[in-house]
Amino acid sequence: MSTVKFNMGVFFLAFVMTSQAIGECQEMALATLKARKETPVQLVFFASWCLSCKEHLEALKSAKNTFFIATFDRKDKAEDVLKYLKMENASCIYDGEGTFSEYFGVTELPATKTFPKAE
Amino acid sequence: MLLAQSFDKEWLPQVQAFTSYKHSFSRSIYDSQEDWQMDVHGNGFHEVVPGIDFWYGMSSIKAGLTQTLIVPLKKKIDLADEQVTLTPGIGHKTSLTGGYNYPGKWQILAGLEKETRRNIRLGNVELKDSDKIVHSVTSTMTYAVAMRQTLGVNYKRTAAFFSNKNTTRADSYTLSYLRAF
């Protein structure tokens, strides 16, 4: 059973990372992320207008198991900055409604959270 | 906000349009009713102030330009047993700011400001030489003392340079503490 769950988690991650177009931030429901139980991921919250985020993103651009969450921002502007940083292949989620920010208690940018949350 | 900044386009300014309202709780020097004009504080008129602001803030070197229109509202005053309309002159202000920001630590800004106001009208009579010209200089330094907490020091001198008219030279110092919740 645990082998099946692990495989489903890996499949989910692979599905998410390959189904989005290169350089695009996809819209994902928070429930989809919360349904994951395997493989902790790092969530990096950023915005195109956040100057401090630029250095933060550059430092993490090669990080594994990382989702970059564009929040408090326009989708096209967030995608533009990822292209500018040559991060078109990064896994990006567009948090247009702010649900991810609210759930993870993000009140300033940049912010890095882990999911599932560490015990 | 008309145009937001983005760190992939440092050359693009943030553009904001704004409008504010200043309510006056005192009289002007033209309708003062107390000895020594003790009831005069500020210019004594309600004002509507629309403006536009350009701010280049996406690099360590900061620069900004603000254009403001000052629209004072006229008021009726009692003059020699009759009511007369006092119409203050429209004003215009240009502010130029520049400075340096050390990310996450401190910032220093300096600015030049020019404000002009047209002549005041008393009824149908324009009061000659009641117009105003003020050139000011300002300087602000802010320091991040802790996360989301900033200490600031500001200095402003009005009538600081060039020729000025119908104004006073004044120095003001302000100490501020800002905390973001």
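Biologist: Are Cys25(A) and Cys92(A) buried or exposed?

Modeller: Cys25(A) is buried, and Cys92(A) is buried too. Buried means under 20% relative accessible area, exposed over 50%, and partly exposed in between, with a 1.4 Å probe and protein chains only. This is a predicted model, in which local features need pLDDT of at least 70 and side-chain atom pairs count only at pLDDT 80 or more, while totals for chains, interfaces and linings use all residues. Residues are numbered from 1 along each chain as its sequence is written, chains are lettered from A and ligands numbered from 1 in the order in which they are written, and side-chain values use heavy atoms, leaving out hydrogens and water.

Biologist: How many disulfides are there over all chains?

Modeller: A search of the whole structure finds 2 disulfides, a disulfide being a pair of cysteine sulfur atoms within 2.5 Å. In one of them, the sulfur atoms of Cys25(A) and Cys92(A) are 1.9 Å apart.

Biologist: Changing topic, how many residues of chain A are in contact with chain B?

Modeller: 15 residues of chain A are in contact with 13 residues of chain B, where contact means heavy atoms within 4.5 Å.

Biologist: Where is Lys77(A), and what does Lys77(A) touch?

Modeller: Lys77(A) is in helix H4 (residues 75-84) of chain A. Not counting residues up to four places away in sequence, Lys77(A) touches Ser48(A), Ala4(B) and Ser6(B). Lys77(A) is buried yet has no salt bridge, and the nearest side chain of opposite charge, Asp8(B), is 6.4 Å away. Lys and Arg count as positive and Asp and Glu as negative, with His and the chain ends not counted.

Biologist: How many salt bridges does the rule find across the interface?

Modeller: The rule finds 3 salt bridges across the interface of chain A and chain B, a salt bridge being a side-chain nitrogen of Lys or Arg within 4 Å of a carboxyl oxygen of Asp or Glu. One salt bridge is between Arg148(B) and Glu108(A), at 3.4 Å, N to O.

Conventions:
Helices (H or I, at least four residues) and strands (E, at least two) are DSSP runs, numbered from the N terminus.
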